[in-house]
Amino acid sequence: MSIDTETAARVAKLARIKVEEDALPALAKEFSDILGFIEQLNEVDVEDVEPMTSVTPMRLKRRADEVTDGGQADKVLSGAPDAREGFFAVPKVVE
Amino acid sequence: MSELTKLTLAGARDALKKGDVTSLELTEACLGAIEGAGALNAFVHQTPDLARDRANAADERLKAGDAPKMCGLPIGIKDLFCTEGVPSQAASRILEGFRPEYESTVSAQLRDAGAVMLGKLNMDEFAMGSSNETSVYGNAVNPWRRGNDETQLTPGGSSGGSASAVAADLCLAATGTDTGGSIRQPAAFTGITGIKPTYGRCSRWGIVAFASSLDQAGPMTKDVRDAAIMLEAMCGHDPKDSTSAELAVPDFEAMLTGDIRGKVIGIPREYRMEGMPEEIEALWQKGTEMLKDAGAEIRDISLPHTKYALPAYYVIAPAEASSNLARYDGVRYGRRAKLSQGDGVVEMYEKTRAEGFGHEVQRRVMVGTYVLSAGFYDAYYNRARKVRTLIKRDFEQAFDAGVDAILTPATPSAAFGLGEMAEADPVQMYLNDVFTVTVNLAGLPGISVPTGLDRQGLPLGLQLIGRPWEEGDLLNCAYSLERAAGFVEKPAKWW
């Protein structure tokens, strides 16, 4: 399957990665190569095969729905590039 | 001094117990070796003060007679593990400056077992790579060379720094992680031992996530006994990882008897790849004979879906990565791009991720985004998960028919030159994982054991794949192979 530059631009947008206009053709070609490789999977008969959800058959553990941890806002914020007054700070989100 | 760094974990442990050496002496010897090995670029964050503190504490405990199993043994930790107060950036620019407030479960267990952390080890960015060439710290370098040729070789990846450091005797052992072969391939490239345990054996909590359904931590060591010792310390149930298994951890070292009489070793015909170097084929044959001579029954088996493992992996791993790496948004940790006047939150995400992620990581995140996007989810992602079911079934059928372990080559070649693959398309690099990736998809334990040298003098490894949860048996098979192969070569020091 061949990926065009428009699709490459759309994927970059979805992934929230800025890709310059002039880098799109090369990116589209790389996608095409990788997807071409992946397309071998179409040779496999997967009729009636369940998609794997868990490599080890297991049921997720249940626990009571109650607070087990918390009250560490300072530690949580300590790695942030911009934190103020107990909050993460970001550029303006709404106009 | 430098002789001390050549010790195995078992050798150092016994010497410490007898009082022939102190942990501080061992630690100083390693710190000295690291200091002199800048050319290998294996250790990227050194923690000498922390190491000396822990060594002193270990010496106290040894004196008091309450030494835990790895008391006083100096090790390196892959940069993928979060370590409290110590830079942990998965070799990525986007985590620049990040010092976690917490310790990963595995590194905490090693610390509690008395191990001394010397520092953090180089790797491919977010563990995405097979040559350690995608690291923000620059390439890690293999201590091995092709005879007198000075070409710098890759130590493999993604745990390239770990492999280089252990092979060059900068530390006694190191942690690695393995999503598609990232412990076993670098181990094979550097003549050391590396085991990826069964999915769920080691807690993933606090290890920077790449592909959560495939990621497992494991030890990278100088021999099989050390792998048994260190794996035991790393394993165990952790309530903070919902996929961590609630199973007792056996004494793996005690299971190393070397007796594999009557064990059935499967030789999968699909691993005989077209264009595989003759030397790899010959080594595999030799390994088969060694196990046979040790009393194992050799059986030809078929794992028919092997061919589809790599393409399935390159759907599933990027898909999970695109989801896991969504958290690097310039808000909660690490680096945020400089913004221009008027830039909003979307520009912040896009610029931060464009300058924070390297090329390979960007590519995988975008491929993952594509295969999960509306209209392609069924055609790519669901199909790959179905193929994964079939790959696992292949192994189950072999084990149900009585096979105890499976012997394969670890890698399709010896270590290649740094930069040699720069012009190749990404798929060429992915082929490095062709023998290892099936094991991650099926969640099985796999170990790479050094078994010989190629004609250029570079190490080659064989891989043994075991039944789920039977790492003890697998280690014992590997121990038998190791004894028969008698691999003792070390790289000549040039750095």
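This is a predicted model: local features need pLDDT of at least 70, side-chain atom pairs count only at pLDDT 80 or more; totals for chains, interfaces and linings use all residues.

1. Helix H6 of chain B. This helix covers residues 160-167, and eight of its eight residues are buried, so H6(B) is largely enclosed by the rest of the structure. The buried residues are B:Gly160, B:Gly161, B:Ser162, B:Ala163, B:Ser164, B:Ala165, B:Val166 and B:Ala167. They pack against strand S1 (43-46), S2, S3, strand S4 (173-178), H7 and strand S6 (216-221) of chain B.

2. Domains of chain B. The chain is divided into domain 1 (2-262 + 405-485) and domain 2 (307-383). The centres of the two domains, taken over C-alpha atoms, are separated by 27 Å. Their contact takes 28 residues from domain 1 of chain B and 25 residues from domain 2 of chain B. About 2,400 Å² is buried between these domains, and carbon and sulfur atoms give 68% of that area. On the domain 1 side, B:Ile94, B:Met128 and B:Tyr430 supply 30% of the area buried against domain 2 of chain B, more than any other three residues.

3. Chain A against chain B. Here 52 residues of chain A are in contact with 62 residues of chain B. The two chains bury about 5,000 Å² between them, with 70% of it on carbon and sulfur atoms. The residues of chain A that lose the most area to chain B are A:Phe37, A:Leu41 and A:Met52, which together account for 13% of what that side buries.

4. B:Arg385. This arginine lies in helix H13 (residues 377-400) of chain B. Is B:Arg385 buried or exposed? B:Arg385 has a relative accessible area of 14%, and buried means under 20%, so it counts as buried. Leaving aside neighbours within four places in sequence, B:Arg385 is in contact with A:Glu50, A:Pro51, A:Met52, A:Thr53 and B:Ile316. One of these, A:Met52, is also among the three residues of chain A that lose the most area to chain B. B:Arg385 and B:Ala312 are 73 residues apart in sequence, with their C-alpha atoms 7.4 Å apart in space.

5. B:Arg184. This residue lies in helix H7 (residues 184-190) of chain B. B:Arg184 is buried, with a relative accessible area of 0%. Apart from neighbours within four places in sequence, B:Arg184 is in contact with B:Asp178, B:Gly194, B:Lys196, B:Thr436, B:Val439, B:Asn440, B:Gly446, B:Ile447, B:Ser448 and B:Gln463.

6. B:Ser182. This serine is placed in the loop between S4 and H7 of chain B. B:Ser182 is buried, with a relative accessible area of 6%. Not counting residues up to four places away in sequence, B:Ser182 touches B:Lys78, B:Ala127, B:Gly129, B:Gly157, B:Ser158, B:Ser159 and B:Thr177. B:Asp14 is 168 residues away along the chain, and the C-alpha atoms of B:Ser182 and B:Asp14 are separated by 30 Å.

7. Largest cavity. How many cavities of 30 Å³ or more does a search of the whole structure find? The search finds three. The largest cavity has a volume of about 60 Å³. Its lining includes B:Ser182, along with B:Ala127, B:Gly129 and B:Gly157. Also in the lining are B:Phe210, B:Tyr313, B:Tyr314, B:Arg364 and B:Asp433, among others. By class, the lining has four nonpolar, six polar and two charged residues. Each of domain 1 and domain 2 of chain B gives at least three residues to the lining of the largest cavity.

8. Second largest cavity. The volume of this cavity is about 40 Å³. Its lining is made up of B:Arg54, B:Ile75, B:Ile77, B:Glu103, B:Ser107, B:Leu110, B:Arg111, B:Ala115, B:Val116 and B:Met117. Strand S2 (74-78), helix H5 (105-112) and strand S3 (116-121) of chain B are the elements that give two or more residues to this lining. H5(B) provides the largest share, three residues. Six residues of the lining are nonpolar, one is polar and three are charged.

Notes. Residues are numbered from 1 along each chain as its sequence is written. Chains are lettered from A and ligands numbered from 1 in the order in which they are written. Side-chain values use heavy atoms; hydrogens and water are left out. On a 1 Å grid over the protein atoms alone, a cavity is a set of points where a 1.4 Å probe fits but cannot get out, and a pocket is an open set with protein on both sides within 12 Å along at least five of seven lines; lining residues have an atom within 4 Å of a point. Grid points are joined across faces, edges and corners, and a volume is the space filled by probe spheres set on the points. Ala, Val, Leu, Ile, Met, Phe, Trp, Tyr, Cys and Pro count as nonpolar, Asp, Glu, Lys and Arg as charged, and the others, Gly among them, as polar. Domain bounds come from an automatic or database domain assignment. Helices (H or I, at least four residues) and strands (E, at least two) are DSSP runs, numbered from the N terminus. Buried means under 20% relative accessible area, exposed over 50%, partly exposed in between (1.4 Å probe, protein chains only). Contact means heavy atoms within 4.5 Å. Buried area is the accessible area (1.4 Å probe) that two parts lose on being put together, summed over both.
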